[in-house]
Amino acid sequence: MTKQWWKESVVYQIYPRSFNDSNGDGIGDLQGIIEKLDYLAELGIDVIWLSPVYDSPNDDNGYDIRDYRSIMNEFGSMEDFDVLLAEAHNRNIRIVMDLVVNHTSDEHSWFVESKSSKDNPKRDYYIWKDGKDGQPPTNWESAFSGSTWEYNEATGDYYLHIFSKKQPDLNWENDEVRSEVYDMMKWWLDKGIDGFRMDVVNFISKHPDYPNGEVQPGKQYGDGSPYFMNGPRIHEYLNEMNRQVLSNYDVMTVGEMPGVTPDEGKLYTADERNELNMVFHFEHMGVDGGEMGKWSLNGWNLTDLKEILSKWQYELEEEGWNSLYWNNHDQPRVVSRFGDDGEYRKKSAKMLGTCLHMMKGTPYIYQGEELGMTNVAFESIDQYEDLESLNMYNERVNQYGDDPAEVLERIHHKGRDNARTPMQWSAEENGGFTTGQPWLDVNPNYRTINAEEALSDEDSVFHYYKRLIQLRKENETIVYGKFDLLLEDSESIFAYTRTNGDETLLVLCNFTKEPVTAELGEFASRSGDVLITNREEERTEETQLGTVELEPFEATTFV
Ligand code: TEU
Ligand code: CA
């Protein structure tokens with residue numbers, strides 16, 4: 001296994017709009033990030049993944065790019081970006097940018113030209129198809145509700161948008177599009193950035209026939225995902241991107257890949273494939289899904305979560321590399337989702353941090369996760385901003401006649417705004433995020449959950465995450481040790497070992513609010529010194545051969 005800096009790093013994701021507002025307009029900005037670089041250096045992270053900061057009309061909060069080579073006005077200027085990059089590098093923190101090239105904004109000059117006429121030189125930068133009998137070209141459902149096709153009067157046909165109609169999909173079959181993207185990537189890399197997180201990059205190759213998708217009972221649209229995920233030319237494109245751009249720089253790349261399997265993950269990330277360094281899969285994010293997809297509230301089983309995460313550990317042990325995450329700007333807060341955001345908030349947040357950071361792969365921390373920030377439950381749909389939630393709400397209430405309170409409950413648990421409420425810096429007004437009116441309401445629990453409080457409490461989630469990050473720097477077994485799952489049938493305990501030469505780490509995580517006994521057989525008798533734990537009471541009883549008592553939400557790593 002070749003050693004690489006990005007295998008030994010911990011990444012921190014910043015969603016700029018919600019991170020820190022320096023000028024009182026209620027919107028986070030680049031200057032606000034600069035103000036917090038010392039906080040990040042204190043936490044000890046190595047890389048920042050910066051969600052999009054490019055010029056955008058913000059239909060999807062920056063994931064709809066209007067100009068790839070300028071900074072969104074609300075976030076500041078290119079000079080601010082250059083200062084941010086230099087100041088981060090001064091603190092040995094790298095910056096990885098968000099590359100959103102499956103689609104652009106419909107206000108991008110390329111699309112304005114492409115939609116103007118069928119013989120415009122930029123016409124084939126996007127995907128245009130004729131309708132059939134007054135219907136869209138296929139029955140595919142958009143990720144943001146409705147059809148994936150929008151009719152264009154000027155040319156009398158439809159363009160594809162897997163996401164919102166203001167996010168037209170680029171046509172990667174077109175060599176000119178690919179060379180435009182590669183030129184833009186080089187422009188940013190020549191500024192000195194340290195890599196890219198690639199937004200839905202496994203969507204860029206579509207099935208050439210554009211067949212209809214299967215329609216589930218009760219649904220109006222079909223599932224097009226088999227025809228735009230991991231498409232026929234995807235490896236050709238990524239290999240070309242690597243050859244023409246990435247291979248010329250010392251960079252880190254991670255592909256966001258809804259629908260990717262471990263077998264495909266190996267093809268995308270094995271060193272000799274010369275494509276990407278790692279991928280974000282979504283299998284564990286679906287463990288609490290169901291017939292309504294992510295909006296289902298069916299609950300989840302720990303055995304399913306363990307099966308998914310250990311499968312990815314085993315499958316990528318010899319080739320490829322895992323990214324490890326619980327949270328990002330699209331997912332609910334993990335302490336509310338897989339832990340306990342009430343009585344055991346701090347303890348379960350530390351347990352979840354241990355469970356993830358002791359595994360093999362590059363860990364990603366989403367802003368506020370290090371504080372144990374929680375989901376929010378706004379009383380009115382009017383307080384929500386995310387178009388994914390608003391479109392779903394309108395469709396379910398107005399088209400399917402669902403009870404508004406029931407739909408709002410789904411948004412409380414699974415909506416993306418849970419991750420996008422402003423970062424909670426202090427107990428001051430608006431959590432110290434802004435002196436103005438925040439673009440999205442702050443979670444009312446900022447008075448007790450905030451960075452200032454955490455920094456002064458040595459028992460805080462922040463200081464625990466800081467130790468997890470420090471351990472990864474000090475201990476090769478955490479980075480390169482082999483993963484083996486124990487107690488796979490337990491619905492309470494996530495137990496595994498990491499082995500590196502003659503060193504074995506034993507990681508025990510109790511995912512429940514009940515005390516529990518881990519029957520570990522020969523492993524218990526070998527459980528020696530404690531590397532890190534969130535346990536409150538001294539472990540007085542001798543570890544009986546084969547058993548280890550765990551407190552509610554206890555996480556202990558033995559070495
Ligand atoms: O997300 C890709 C994606 O599949 C999302 O739709 C995600 O699965 C869903 O929101 C879960 O609720 C990327 C970005 O991370 C997301 O913020 C963008 O909205 C999307 O692509 C389009 O760029
Ligand atoms: Ca601002």
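Helices here are DSSP runs of H or I with at least four residues, strands are runs of E with at least two, and both are numbered from the N terminus. What I am showing is a predicted model, in which local features need pLDDT of at least 70, side-chain atom pairs count only at pLDDT 80 or more, and totals for chains, interfaces and linings use all residues. Residues are numbered from 1 along each chain as its sequence is written, chains are lettered from A and ligands numbered from 1 in the order in which they are written, and side-chain values use heavy atoms, without hydrogens and water.

The UniProt record, an unreviewed entry, annotates residues 13-420 as "domain: Glycosyl hydrolase family 13 catalytic". Such annotations may be inferred rather than shown by experiment.

Now the whole chain. The protein chain has 16 helices and 20 strands. Its C-alpha trace spans about 80 × 55 × 50 Å along the principal axes. Of its 559 residues, 61% are buried, meaning under 20% relative accessible area with a 1.4 Å probe, protein chains only.

Next, the ligand. Around ligand 1 there are 18 residues, and the closest are Asp60, Asp199, Lys294, Asp330 and Arg416; a residue counts if one of its heavy atoms lies within 4 Å. By class, this shell holds nine charged, six nonpolar and three polar residues. Charged means Asp, Glu, Lys and Arg; nonpolar means Ala, Val, Leu, Ile, Met, Phe, Trp, Tyr, Cys and Pro; the others, Gly among them, are polar.

Which distances separate oxygen atoms of ligand 1 from side-chain N or O atoms of Arg197 and Arg416? For Arg197 the distance is 3.0 Å, and for Arg416 it is 2.9 Å. A polar side-chain atom of Glu256 lies 3.1 Å from a ligand 1 oxygen. Taken alone, ligand 1 exposes 490 Å², and the protein buries 93% of that; the areas come from the Shrake-Rupley method with a 1.4 Å probe.

Asn152 sits in strand S7, residues 149-152, and is buried, with a relative accessible area of 10%. Its side chain makes a polar contact of 2.7 Å with that of Thr155 (a pair of N or O atoms within 3.5 Å, one able to donate a hydrogen and the other to accept it).

Arg333 is in the loop between strand S12 (323-324) and helix H9 (334-337). Is Arg333 buried or exposed? Arg333 is buried, at 1% relative accessible area.

Definitions and conventions
Buried means under 20% relative accessible area, exposed over 50%, partly exposed in between (1.4 Å probe, protein chains only).
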